[in-house]
Amino acid sequence: MPAPRARRQPVLAIVVEDREEAAAWTVPLRAALPEARVDLIENLDPASIDYAAGWGSVSGLARCAKLKAIVSIGAGIDHILAEPALRHLPVVRMIDPGLTRGMTEFVLLQVLHHHRRMPEYDAQQRRAEWRQRYAPLAHARRVGIMGMGVLGRAAAKPLVEIGFRVAGWSRTRRRVDGVEGFAGTAQLDAFLARSDILVCLLPLTPETRGILNARLFARLPKGAAVINVARGGHLIEADLAAALDSGHLSGASLDVFAREPLPPDHPFWRHPHIIITPHVAALSQYDSGSAFIARAVRALIAGKTPRGLVDRQRGY
Ligand code: NDP
Ligand code: OXD
């Protein structure tokens, strides 16, 4: 009787442009998925690759004829869905407790920064100006979170605990303790009218592209601040500049941009009311992120639906 054929070891390619970053994923991913061959894409025969864990450009995966699915190392997958040659593949987005925690910290930091008028104190410090400004307590400030998914819901919690009046806006109504829920385009204006500090945590889809525009800013209360930690494609930059320059908006924190890195001559770098960070609001953590990728690959191998499977129809 012939010996049973050994099952082929699944192959997972790491697709990350930055060399150091790619290397940093190798060790925890190998440890999390010992039953697979895990390596950088350039060390693998494209024809042998079954799964890919990727961040940044994944267009090179088009030549991997046997590729079965892509697990994103980031929570946002708009750039992967936009690749025409990869349209047939399932995509799984990262749901990593480490990334979620990082986003919660960052949103809290930025909300408190605007709430406690830090942009004005930063400007005063540059002028060596000693001037005390009134700031209400959190219970008098209304925070609105656009996108009540994994990250929006997590960010809402500590804001509620501190005492902010928090509302969330999503496609379908989400019930979160202490958070006023708004849903759909019909309730967008009412949500905006009560948001002194607006946080964007939406995925970038055809419906949400350009949503942070003049019309939306006009519906926020005068003096509102805007925090965009989602995608640069959500924001119409000229509309933000106009709303800040007219004094309708008091400030903005931007972590993401239509063009990254933000070019050195971009006027936002020098805008007095814009705080810029280089897309660092939340980073996937190597250990917990690797554990998520390993679970996703195992589910895919077993023919099960992995957590985070993207609905291409919805775009997220
Ligand atoms: P989720 O998919 O868990 O949540 C998305 C939320 O947006 C859901 O509440 C969804 O509504 C809502 N939504 C989607 N489309 C619409 C719409 N047309 N109108 C109203 N609401 C809508 O995503 P995550 O929370 O995991 O991530 C959100 C985004 O954050 C990512 O897509 C990514 O772009 C960005 N991000 C940025 C990072 C950074 O470092 N700056 C790091 C990580 C992520 P519903 O609940 O009804 O489905
Ligand atoms: C992500 C990101 O999507 O870092 O995870 O932007």
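His 279 is partly exposed, with a relative accessible area of 22%; here buried means under 20% relative accessible area, exposed over 50%, and partly exposed in between, using a 1.4 Å probe and protein chains only. The residue sits in the loop between strand 12 and helix 9 (286-301), where helices (H or I, at least four residues) and strands (E, at least two) are DSSP runs numbered from the N terminus. His 279 also has a positive phi of about 50 degrees, although it is not a glycine. This is a predicted model, in which local features need pLDDT of at least 70 and side-chain atom pairs count only at pLDDT 80 or more, while totals for chains, interfaces and linings use all residues. Residues are numbered from 1 along each chain as its sequence is written, chains are lettered from A and ligands numbered from 1 in the order in which they are written, and side-chain values use heavy atoms, with hydrogens and water left out.

Ala 128, in the loop between helix 4 (118-126) and strand 6, has a positive phi near 50 degrees. With a relative accessible area of 73%, Ala 128 is exposed. As for peptide bonds, the one joining Glu 260 and Pro 261 is cis, with omega at about -5 degrees; Pro 261 lies in the loop between strand 11 and strand 12.

Helix 3 itself (residues 97-115) has 19 residues and spans 26 Å from its first C-alpha to its last, close to the 27 Å expected at 1.5 Å a residue (the expected span being 1.5 Å times one less than the number of residues). At its start, a side-chain oxygen of Asp 96 comes to within 2.9 Å of the backbone nitrogen of Gly 98.

Seven strands make an open sheet in the order 8-7-6-9-10-11-12, with parallel pairing; two strands pair if DSSP finds at least two bridges between them. Strand 8 (179-183) and strand 12 (274-276) are at the edges with a single partner strand each, so one side of each has no neighbour in the sheet. From one strand to the next, the twist averages 15 degrees. Strand 6 and strand 9 run parallel and are joined by four bridges, and Ile 145 stands opposite Val 199 in strand 9.

On to charged side chains: the structure holds 15 salt bridges, a salt bridge being a side-chain nitrogen of Lys or Arg within 4 Å of a carboxyl oxygen of Asp or Glu. One of them pairs Arg 19 with Glu 42, with the closest N and O atoms 2.1 Å apart. That pair links distant parts of the chain, 23 residues apart: Arg 19 is in helix 1 (residues 19-32), and Glu 42 is in the loop between strand 2 (37-40) and strand 3 (51-55). Asp 196 and Arg 142 also meet in a salt bridge (2.9 Å, N to O), bringing together the loop between helix 6 (188-193) and strand 9 (197-200) and strand 6 (residues 142-146), 54 residues apart. Asp 196 counts as buried at 16% relative accessibility, whereas Arg 142 counts as partly exposed at 21%. Finally, Arg 8, Asp 50 and Lys 68 are linked in a network of salt bridges.

Conventions: Axes are lines fitted to C-alpha atoms, for helices over the stretch in contact, and angles run from 0 to 180 degrees between N-to-C directions. A polar contact is a pair of N or O atoms within 3.5 Å; within protein, one must be able to donate a hydrogen and the other to accept it, and residues adjacent in sequence count only if both atoms are side-chain atoms.
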